[in-house]
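Visitor: Please walk me through this structure in short steps. I am new to reading such models.

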Protein chains: 4
Amino acid sequence: MSRFTEPQHPDFQAMNTSLSFDRRLWPYDVAQSRAHSRMLAACGIVSAADRDELLSGLDAVEAELTGGSFPFRDDDEDIHMAIERRLTELAGPVGGRLHTARSRNDQVATDVVLYTRDQAARARVALNGLMETLLERAERHIDWAMPGYTHLQRAQPVYLGHHLLAYFWMCLRDRRRFDHVLEACELLPLGAGALAGVNFPTDRDLVARELGFGGVAPNSIDAVANRDFVLDYLAAAATATTHLSRLGAELVLWSTEEFGFCELPDAWSSGSSIMPQKRNPDAAELLRAKAPRVAGHLLAMHGVLHGLPLTYNKDLQEDKEHLFDAADTLELCLSAARGMLDGAVFARDRLAAAASDEMIAAVDVADLLVRRGMPFREAHGIVGSLVRLAEDTGRSLSELKPEELHSRSERLDDEYYAVLSQSSWLESKISAGGTAGVRVREQLVAARRALAAGA
Amino acid sequence: MSRFTEPQHPDFQAMNTSLSFDRRLWPYDVAQSRAHSRMLAACGIVSAADRDELLSGLDAVEAELTGGSFPFRDDDEDIHMAIERRLTELAGPVGGRLHTARSRNDQVATDVVLYTRDQAARARVALNGLMETLLERAERHIDWAMPGYTHLQRAQPVYLGHHLLAYFWMCLRDRRRFDHVLEACELLPLGAGALAGVNFPTDRDLVARELGFGGVAPNSIDAVANRDFVLDYLAAAATATTHLSRLGAELVLWSTEEFGFCELPDAWSSGSSIMPQKRNPDAAELLRAKAPRVAGHLLAMHGVLHGLPLTYNKDLQEDKEHLFDAADTLELCLSAARGMLDGAVFARDRLAAAASDEMIAAVDVADLLVRRGMPFREAHGIVGSLVRLAEDTGRSLSELKPEELHSRSERLDDEYYAVLSQSSWLESKISAGGTAGVRVREQLVAARRALAAGA
Amino acid sequence: MSRFTEPQHPDFQAMNTSLSFDRRLWPYDVAQSRAHSRMLAACGIVSAADRDELLSGLDAVEAELTGGSFPFRDDDEDIHMAIERRLTELAGPVGGRLHTARSRNDQVATDVVLYTRDQAARARVALNGLMETLLERAERHIDWAMPGYTHLQRAQPVYLGHHLLAYFWMCLRDRRRFDHVLEACELLPLGAGALAGVNFPTDRDLVARELGFGGVAPNSIDAVANRDFVLDYLAAAATATTHLSRLGAELVLWSTEEFGFCELPDAWSSGSSIMPQKRNPDAAELLRAKAPRVAGHLLAMHGVLHGLPLTYNKDLQEDKEHLFDAADTLELCLSAARGMLDGAVFARDRLAAAASDEMIAAVDVADLLVRRGMPFREAHGIVGSLVRLAEDTGRSLSELKPEELHSRSERLDDEYYAVLSQSSWLESKISAGGTAGVRVREQLVAARRALAAGA
Amino acid sequence: MSRFTEPQHPDFQAMNTSLSFDRRLWPYDVAQSRAHSRMLAACGIVSAADRDELLSGLDAVEAELTGGSFPFRDDDEDIHMAIERRLTELAGPVGGRLHTARSRNDQVATDVVLYTRDQAARARVALNGLMETLLERAERHIDWAMPGYTHLQRAQPVYLGHHLLAYFWMCLRDRRRFDHVLEACELLPLGAGALAGVNFPTDRDLVARELGFGGVAPNSIDAVANRDFVLDYLAAAATATTHLSRLGAELVLWSTEEFGFCELPDAWSSGSSIMPQKRNPDAAELLRAKAPRVAGHLLAMHGVLHGLPLTYNKDLQEDKEHLFDAADTLELCLSAARGMLDGAVFARDRLAAAASDEMIAAVDVADLLVRRGMPFREAHGIVGSLVRLAEDTGRSLSELKPEELHSRSERLDDEYYAVLSQSSWLESKISAGGTAGVRVREQLVAARRALAAGA
């Protein structure tokens with residue numbers, strides 16, 4: 001018997017109900033109810049017999065949920081009420097004891113933090129998989145020359161393996177971010193009650209241990225008002241998908257006829273409804289396109305929390321859909337990135353031809369002058385003038401004549417021509433982290449070690 | 001002598017120049033140039049004499065910048081070029097040697113990571129200060145009763161100290177987030193060159209040590225393309241300001257005539273241009289209003305990086321204004337939060353009166369029935385009917401008659417009236433993290449320890 | 001027979017398929033296919049017999065979709081392919097003629113613009129309904145005094161009718177924004193083909209007329225790359241929900257025990273899972289909470305389009321879910337706002353008591369001095385000092401003594417006390433758009449006229 | 001003499017002051033004060049003599065502001081107070097009369113709406129300029145063949161003029177959006193007072209006419225709480241810069257060595273600090289990079305307004321920096337787009353070579369079969385198999401032998417080879433809005449007319 005006299009308006013029900021999306025929380029809700037039941041009995045708040053009936057009832061409920069036979073009802077407001085309602089139908093009035101010393105406020109927070117923890121762990125696994133693929137692909141293409149770009153202009157040649165490893169380090173930082181999400185999920189909200197704690201001498205540590213938490217949230221108000229872990233997850237997912245959007249954009253670019261650096265596998269490409277010749281990099285485009293979606297969820301969640309007085313407010317119900325869709329999106333994106341990289345076939349000749357564009361050795365010529373004692377700025381200016389001379393006369397740099405070189409600087413001799421031969425450009429980048437083969441191999445070892453350290 | 005024949009269009013210069021905002025990076029630019037000069041000499045790339053001239057020149061440049069006499073020029077494209085240009089004017093052609101084995105790409109990344117590191121450290125200090133104030137204020141008001149709210153409805157009474165401590169734990173998580181930003185700043189980009197490493201046998205570890213880094217970025221491509229640390233800083237700042245927006249909103253609310261829970265200090269209030277009686281909580285409103293600004297910067301930065309091919313692209317220049325304004329905003333907000341809390345005068349009587357609203361003991365009455373063996377759901381229903389009876393007849397819960405109680409449940413006896421007396425509501429919330437005095441004092445100790453652990 | 005040799009990866013299918021969400025476009029897809037078939041026959045591109053078979057087939061497909069018996073298949077990539085596939089099953093090979101002179105690129109754009117147009121029209125209708133309710137409620141409370149707030153501080157009294165009408169004008173601007181969305185939907189994309197136009201002498205105007213467009217998109221490239229109408233819809237929806245979030249926030253505030261200005265209807269309120277006394281304004285909170293969700297969709301869509309080369313890219317598939325969820329959310333919010341306002345019961349006494357807070361007449365006292373020749377700034381200062389005197393001595397403004405007034409200004413006589421009587425404060429705001437009764441009634445007339453003009 | 005006893009905290013002043021950014025509103029503030037003074041006199045609220053002194057004083061203030069000699073003071077809270085303070089210094093106590101019948105709330109709203117109106121008008125002018133350039137460039141390249149892309153894959157050839165015109169129509173829609181902003185600025189807020197109207201019989205229409213408004217805001221509460229015009233401006237600017245980001249991205253792409261479709265002018269390009277050969281499309285990259293910044297401002301402004309109770313709150317002060325930076329950014333972007341397009345040199349041969357890729361005629365072959373009676377889907381499949389045959393055997397489509405064609409379909413005869421000759425692909429796209437020359441010329445005429453209609 002409620003204090004209300006009028007039934008809820010159907011539009012209000014449509015707005016208020018969360019069952020359509022929060023039902024995926026059921027495994028967490030059942031798990032916490034089990035732990036809660038055991039704790040209530042351990043603390044003498046319910047009897048052992050009641051506990052056993054509750055646990056049997058929860059088993060039955062779980063079986064129905066797993067098997068798809070759970071009878072949802074239109075007036076189940078959310079998954080928590082649906083489960084408690086069904087428990088009471090199956091187990092009898094003892095079901096009404098389950099909500100002792102607990103409120104929906106701490107119950108929901110607990111389900112959501114458990115879900116977030118699982119998703120962060122899943123993201124780590126998927127990132128590890130992607131990193132493995134990146135390492136494998138990098139090793140396979142460790143000495144394939146390609147142009148490195150700045151401003152999307154060919155700048156200096158690098159090895160494809162070196163380029164692919166750049167994504168490895170992004171993923172490694174992403175994994176660390178999900179480690180931080182796990183930290184943000186380490187304290188149990190359950191037991192905070194509606195907001196002030198509960199009237200029973202509960203043992204929250206017991207519940208925390210059973211559910212795998214590191215401890216209990218130290219302040220009941222904060223426990224029910226806190227959604228930092230959702231923000232942290234969304235921020236980590238937004239950064240990860242932003243990284244993947246860069247990869248997607250590069251794969252789209254490299255798959256153009258103009259670049260022609262790689263061909264994506266059939267299994268990750270589409271045809272056209274009217275152009276029979278098309279092989280469209282749809283998966284790579286979607287990889288690029290999904291990042292704003294996750295960033296949009298992050299922003300929206302900040303918006304929800306903005307200026308929200310403590311403690312629980314219904315506004316917090318908005319946390320779930322943003323979180324769920326971000327998690328689904330991230331999972332798909334990580335899988336797609338791995339699948340595409342795994343099957344991508346790179347065009348060694350096209351890459352090498354682009355990398356041997358002589359213009360991109362200009363800085364090496366400048367450095368030659370530096371090694372002969374000229375300040376870098378002066379050397380930069382001289383080479384700039386050679387570039388202009390070559391362009392104006394329609395020649396390549398190596399077609400300039402010795403006397404033309406001398407007129408610019410006496411220090412330009414035959415080594416100039418030697419520097420313009422490709423392999424030296426790559427192998428001369430011997431600084432730590434550089435593209436010289438020895439450095440890339442060193443990097444590969446470090447990457448493997450880093451991957452293993454968090455596997 | 002450049003390869004270009006036409007001068008830059010003035011509108012392009014206006015768009016391209018970053019000097020107006022990146023000049024605040026100068027201390028970092030000078031510091032890295034010093035470390036770079038020493039390393040070049042240590043590795044035999046420049047002579048000891050050149051190094052000394054470079055260092056003296058940098059001293060002179062720094063003195064001008066510190067003293068405000070540095071002669072900026074209209075065609076200085078950015079702070080890096082301005083400093084190098086001035087160095088060459090002051091120190092002569094040796095200035096041209098400074099850019100050996102370095103590119104603007106790794107130079108800029110290094111300045112920005114140094115700036116971010118400093119700002120994260122500053123944010124930690126300011127958060128520690130705010131947490132101290134919160135602890136002091138919580139202790140001072142440790143046993144002042146006030147209503148706790150859910151849905152902005154009075155729900156259960158809590159102590160003001162307990163409520164204030166909720167913000168403490170948010171700040172503690174914020175501090176941890178800035179610890180993670182510091183981790184994200186631990187690897188030195190310098191030495192990556194334009195993107196591929198450099199043609200000289202440099203010692204990046206030497207530079208890293210001098211500048212306080214934990215190591216060097218392992219991949220030159222990633223080193224110049226990476227702005228994760230900016231995203232991490234912005235995400236941490238967005239969450240921190242979102243927390244503060246909740247505090248600001250509560251202070252605005254509590255300062256209304258209707259709530260009347262606190263009065264903000266004159267030093268943090270404004271008058272009205274036409275209403276002489278007004279004391280406006282402008283600072284609290286701005287605290288509320290600034291969070292979307294920082295979230296906007298975070299979003300914009302995600303947008304900038306979205307789909308951006310490796311390695312450096314000019315788009316990355318957009319990192320700075322978002323970062324700088326976020327850092328300035330966060331600093332002001334943390335200071336304002338502390339100042340307002342520090343001077344806020346709480347109205348003990350108003351708080352207590354609101355907390356003694358009898359209706360908010362309803363759950364305690366239900367729990368009384370639970371302790372007498374009734375399932376919680378049944379108890380909840382019975383108390384709901386009592387609430388309705390009281391409302392319908394214009395009485396308070398304690399004005400209901402014993403026979404009216406009995407007609408609902410035989411288990412309702414005189415303890416019903418005892419439960420409705422205020423102090424018991426607060427002190428009965430004895431679960432860990434609850435609002436009972438002993439729990440709040442316990443929490444205060446834990447909070448002090450946590451604060452000290454990261455001071 | 002396709003050019004591909006490998007089947008699509010299941011993860012790619014999961015990412016690529018849009019059927020789960022774009023199936024709601026089917027009515028538009030069927031409608032455009034009908035119009036397209038008729039046009040093809042009218043232009044002699046297919047025969048009249050083929051047209052008739054296509055139209056019969058489309059009738060059959062529509063019947064299945066309406067009746068829920070349409071046999072979707074797992075490998076239907078999207079609703080467009082599903083419908084064409086089914087059409088061919090039902091109508092035979094002639095179904096393969098439907099895609100003549102059309103591509104999925106212009107087909108999708110057409111479906112989405114038709115959907116957007118419908119949703120803009122629906123939003124107008126719902127806004128009109130809400131405006132009607134606002135007018136009705138404003139008229140009903142046209143002379144109920146309440147405090148007007150600035151900075152959430154009581155500032156000057158107004159009539160509740162005047163306050164409610166403020167929302168009317170916001171809605172009116174929202175309606176105009178949706179008018180602009182309709183304008184943005186006025187040109188037909190269909191007929192642009194993949195991007196370049198088609199190889200047949202089609203009559204696009206015929207299709208445009210049948211589908212209710214004002215004309216045809218003048219550039220085939222823009223026609224398939226353009227999603228401005230989605231941005232326009234999302235921007236309009238974001239502003240409308242932001243307006244509603246202000247209303248929601250006020251309803252939450254007014255429903256607090258502290259304000260006590262209104263009670264929301266049971267039909268739009270919730271109880272608590274553990275606090276039997278609670279009447280929570282969940283619907284109002286959700287009204288407040290939904291705005292960031294729509295703004296998040298807007299931002300995400302800007303992100304999708306950011307830096308996207310022409311013409312069609314798969315990224316554009318992301319338009320739909322943002323659009324659909326925004327439309328659903330807006331519809332619920334508009335309905336909830338109307339429902340809550342409709343049933344809200346305002347507390348005349350509480351409003352009046354708050355409005356008669358004497359302090360809020362301070363500006364009127366200052367204006368009295370102005371009318372007696374004192375510059376406003378001087379008057380403002382004098383009244384400020386009276387406020388301080390009253391506060392310091394614990395009196396109200398009307399309890400100050402005549403001699404205390406005189407010591408501040410000789411121009412303060414007995415009219416001072418008259419000004420402090422409440423009704424004059426309200427009725428003296430006689431400027432156009434002000435809160436004086438005559439002005440509010442005038443406003444009501446203007447509002448009615450404006451509403452009718454766009455009904 | 002204020003009611004406050006303590007001075008403001010310096011950090012509060014730093015947070016509270018808006019002078020550093022709102023000073024650019026001074027021309028609007030002076031203009032509205034002039035109009036307000038005249039109205040006050042016309043209505044008999046101040047004397048004609050007072051009015052004249054106020055107007056002379058405002059002239060003097062304006063002269064100082066124009067000349068840069070205006071003495072700003074540290075404690076000027078904002079531009080409005082600075083001007084009034086200075087006016088009183090220059091004109092004497094009469095300056096204190098200026099604030100009669102006006103509040104800072106309506107004053108600020110009026111300045112901001114005037115500023116927004118001006119910026120919308122400026123954006124229209126700049127858009128018109130860009131559209132002129134687009135028309136000129138389109139006409140100049142009206143018959144240059146280039147590949148049209150979908151999924152960044154060559155799809156069908158188009159004329160460069162046709163592609164450039166796609167941007168024209170985007171700009172035209174942008175211009176219409178700014179027309180709507182002008183509509184959103186059509187009602188004068190001034191005269192609404194703090195929120196409730198004023199105590200004087202003012203003539204708001206007089207002020208509206210003098211300041212060029214179409215009428216007065218009909219509700220005083222809405223007048224001071226409304227910032228829709230800021231949202232509308234930001235939304236229009238976000239869409240316009242998003243369009244420009246697509247153009248920027250294409251120019252970056254086309255400037256690559258791989259595409260080689262155009263060379264940007266020296267005046268809009270940069271060199272590299274270490275790579276002497278580089279010509280970097282910095283302006284095009286910034287064009288791409290600025291859109292998220294404006295979208296970030298839009299989002300932040302939605303955030304500021306989210307859940308904000310009526311009427312004026314200090315939060316609204318945040319409107320200005322978002323608006324100002326968006327306006328500055330848009331202006332630079334429009335200028336840069338025009339400048340780059342104006343000087344871009346397109347490479348006719350590279351474009352033509354890319355456009356003659358035979359594969360992109362595949363759809364035309366399919367359409368040939370359709371014209372011979374085959375359903376499109378069947379034709380699509382046959383051509384798909386020809387594409388695969390050609391690819392598998394390393395031949396072009398035109399190298400396939402007649403018997404190979406026949407084995408797929410008897411309807412494939414010599415016209416197959418004719419269709420594969422380039423010019424026919426372009427000129428056969430004769431549907432309205434298509435790329436056939438006659439259609440593009442038709443489009444050019446329509447575009448000119450549309451441009452002129454809003455010039």
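Guide: Here are questions and answers on chain contacts, charged pairs, helix packing and the backbone.
This is a predicted model, where local features need pLDDT of at least 70, side-chain atom pairs count only at pLDDT 80 or more, and totals for chains, interfaces and linings use all residues. Residues are numbered from 1 along each chain as its sequence is written, chains are lettered from A and ligands numbered from 1 in the order in which they are written, and side-chain values use heavy atoms, leaving out hydrogens and water.

Visitor: How much area is buried between chain B and chain A?
Guide: Contact means heavy atoms within 4.5 Å. By that rule, 110 residues of chain B touch 110 residues of chain A. Buried area is the accessible area (1.4 Å probe) that two parts lose on being put together, summed over both. Carbon and sulfur atoms hold 54% of it here, and the total is about 9100 Å².

Visitor: And what area is buried between chain D and chain B?
Guide: In this pair, 56 residues of chain D are in contact with 56 residues of chain B. Carbon and sulfur atoms give 59% of the buried area, which is about 5100 Å².

Visitor: How many salt bridges does the structure hold over all chains?
Guide: Side chains of opposite charge can pair when their charged atoms come close. A salt bridge is a side-chain nitrogen of Lys or Arg within 4 Å of a carboxyl oxygen of Asp or Glu. Between chain B and chain A the count is 14, and between chain D and chain B it is ten. Over all chains the count is 176.

Visitor: Which residue forms a salt bridge with B:D228?
Guide: The partner sits in chain A. The closest N and O atoms are 3.1 Å apart, and the partner is A:R177.

Visitor: How many residues apart in sequence are the parts that B:R34 and B:D59 tie together?
Guide: These two form a salt bridge, with the closest N and O atoms 2.9 Å apart. B:R34 lies in helix α3 (residues 26–42) of chain B and B:D59 in helix α4 (residues 48–67) of chain B, so the pair ties together parts whose separation is 25 residues. Helices here are DSSP runs (H or I, at least four residues), and strands are runs of E (at least two), numbered from the N terminus.

Visitor: At what angle do helices α14 and α15 of chain D pack?
Guide: Two packed helices are described by the angle between their axes and the distance between the axes. Axes are lines fitted to C-alpha atoms, for helices over the stretch in contact, and angles run from 0 to 180 degrees between N-to-C directions. Helix α14 (residues 362–371) and helix α15 (residues 376–392) of chain D have axes 8 Å apart, at an angle of about 135°.

Visitor: Where is A:T311 found?
Guide: A cis peptide bond joins A:L310 and A:T311, with omega about 0°. A:T311 has its place in the loop between α11 (282–305) and α12 (319–343) of chain A.

Visitor: Which phi value does A:H151 have?
Guide: A:H151 sits in the loop between β1 (145–150) and β2 (153–159) of chain A. It is not a glycine, yet its phi is positive, about 60°.
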